[in-house]
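Subject: Structure for your files, with notes on rings, cavities and backbone

Dear colleague,

I am handing over the structure below, together with my notes on it. Please read them with the model open beside you.

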Amino acid sequence: MVRANDSLLGLPGGYLFAEVARRVRRYTSSHAARKVISLGIGDVTHPLVPAVVAAMHKAAEDMSRADTFHGYGPAGGYAFLREAICSHDYAARGMDIAPDEIFVSAGAKEDVSQFQSLFDRNCTVAVADPVYPVYVEANAMAGRAGLWNGSQWDRIVYLPCTAANGFMPEPPSVHVDLIYLCCPNNPTGTAMSRDALKEWVDYAHRTGAIILYDSAYEAFISDPAIPHSIFEIDGAREVAAEFRSFSKTAGFTGVRCAYTVVPRELSVTDENGNPFPLNQLWKRHQDACFNGCSYPAQRAAEAAYSASGSLQLRGVINGYLANAAMILDAFRSMGYTAVGGVNAPYVWVETPNKMPSWDFFDLMLDKTGVVCTPGAGFGLCGEGFIRLTAFGTHDETKEALARLAEL
Ligand code: PLP
């Protein structure tokens, strides 16, 4: 028999959302008459906007004719999309990012989980706690996380995000090589100020660390003081790569298109200490392991930047932000401590009397038929919290909050 990857076997339990789904199934089997409302999983509900749909139709037409058919696309993505990204997401905000620093992919989950393979197995990894679980699990599968002690990995450096620090990760006192920053953060919905982000960039310069900056929720930033990209900070090009996605920005969770920015200045070293550009290493990795995001998906993503597309998408995002504001207000007026929801589609709520988050999940589901995500699934510091998402429809969100008011 062939031996399995021990690191994969060593992963704890099931994926968080699989456990949420299992408990919801158990509930619905005994409460068939009650409609379950999910403020849990972070998937969008609004359909694709008309400008995006039109671009997909047009791309399907292109694919139907021999002279405009597209097979494998260029590595890193079509020039039309890379140029649109550079101009709308970066140049428009005063950042100079070149098309060959953009790598289009089929999802940020794919990118953030694969990017760790560019680094030595012994690199030390730091993550915010609580945070999107994929960073840790990808490093754990690669054997970089050490052993699971029942609640944490012994080689991961956790950066606690609690009420005491405004739920913002702070630079650690121990040396780390790779730092995953998720901003705006999933699950807390909090976002770092320019000064806080500058502290991280300065820290990386001082220590030689690399920041892996996930800004999948950048489009939800509504406070003008919050940077949209780490490259808004001077010196970030030498120390950071950035991950972005059309999933939450343009409703592409089922279309699949994202991108990673790897500046030319960002380097790693070989075993003799010679520098090697990470941009070339990621290109090499993608050439070897990825055959591109489909032509219709890239045309659809391009349409998200068109005048009509961006206007339509602004409307959708504002709708989600209105839900977030409604959730935040409702919980605060019920006396809960809650943060987030202003620059992100997530609201992070403290459970009453420090009730364990899975117990509160069960209580909420049982009494109201409303699903949340237990904070404990995002890290030890998530215990005693739940995450609520603003991705539902306005009416369902309102109904969920009315039911919760009774609880
Ligand atoms: N990064 C963060 C922080 C996320 O929350 C998610 C999805 O929930 C992703 C990345 C995944 O994005 P994609 O749909 O592009 O794989």
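This is a predicted model: local features need pLDDT of at least 70, side-chain atom pairs count only at pLDDT 80 or more; totals for chains, interfaces and linings use all residues.

Residues are numbered from 1 along each chain as its sequence is written, and side-chain values use heavy atoms, with hydrogens and water left out.

Aromatic rings

Rings of Phe, Tyr and Trp (for Trp the six-membered ring) are taken as a pair if their centres lie within 6.5 Å, and planes under 30 degrees apart count as stacked, over 60 as edge-to-face and the rest as tilted. By this rule there are 25 aromatic pairs. In one of them the ring centres of Phe 115 and Trp 282 are 4.8 Å apart and the planes stand at 55°, so the pair is tilted. Phe 115 belongs to the loop between helix H5 (108-114) and strand E3 (125-129), and Trp 282 to helix H9 (residues 278-289), so the pair ties together parts that are 167 residues apart in sequence; helices (H or I, at least four residues) and strands (E, at least two) are DSSP runs, numbered from the N terminus. Both Phe 115 and Trp 282 are buried, where buried means under 20% relative accessible area, exposed over 50% and partly exposed in between (1.4 Å probe, protein chains only).

Trp 348 and Phe 385 form a stacked pair, with 5.2 Å from centre to centre and 5° between the planes. Since Trp 348 lies in strand E12 (residues 346-350) and Phe 385 in strand E15 (residues 385-389), this pair ties together parts that are 37 residues apart in sequence. Trp 348 is buried at 1% relative accessibility, and Phe 385 is buried with a relative accessible area of 12%. Elsewhere, ring pairs link Tyr 90, Phe 246, Phe 252, Tyr 259 and Tyr 305 into a cluster.

On a 1 Å grid over the protein atoms alone, a cavity is a set of points where a 1.4 Å probe fits but cannot get out, and a pocket is an open set with protein on both sides within 12 Å along at least five of seven lines; lining residues have an atom within 4 Å of a point. Grid points are joined across faces, edges and corners, and a volume is the space filled by probe spheres set on the points.

The whole structure holds 3 cavities of 30 Å³ or more, and the largest cavity has a volume of about 60 Å³. Its lining has 13 residues, of which Ala 250, Gly 251, Leu 313, Val 316 and Tyr 320 lie nearest the centre of the cavity. Helix H8 (247-250) and helix H11 (307-333) each supply at least two residues of that lining, and H11 gives the most, with 4 residues. By class the lining of the largest cavity has 9 nonpolar, 3 polar and 1 charged residues, with Ala, Val, Leu, Ile, Met, Phe, Trp, Tyr, Cys and Pro counted as nonpolar, Asp, Glu, Lys and Arg as charged, and the others, Gly among them, as polar.

The second largest cavity has a volume of about 50 Å³, and its lining divides into 8 nonpolar, 2 polar and no charged residues.

The largest pocket holds about 600 Å³ of space and is lined by 26 residues, of which Trp 148, Ala 376, Gly 377, Phe 378 and Gly 379 lie nearest its centre. Domain 1 (6-47 + 308-406) and domain 2 (53-306) both give residues to this lining, so the largest pocket lies between them; the domain bounds come from an automatic or database domain assignment.

Backbone

Most residues other than glycine have a negative phi, and most peptide bonds are trans. A cis peptide bond joins Asp 129 and Pro 130, with omega about 10°, and the bond from Asn 186 to Pro 187 is also cis, with omega near 25°. Phe 167, which is not a glycine, has a positive phi of about 60°; Phe 167 is buried, with a relative accessible area of 6%, and is among the residues that line the second largest cavity. Lys 354 has a positive phi near 55° and counts as exposed at 67% relative accessibility.

With best wishes
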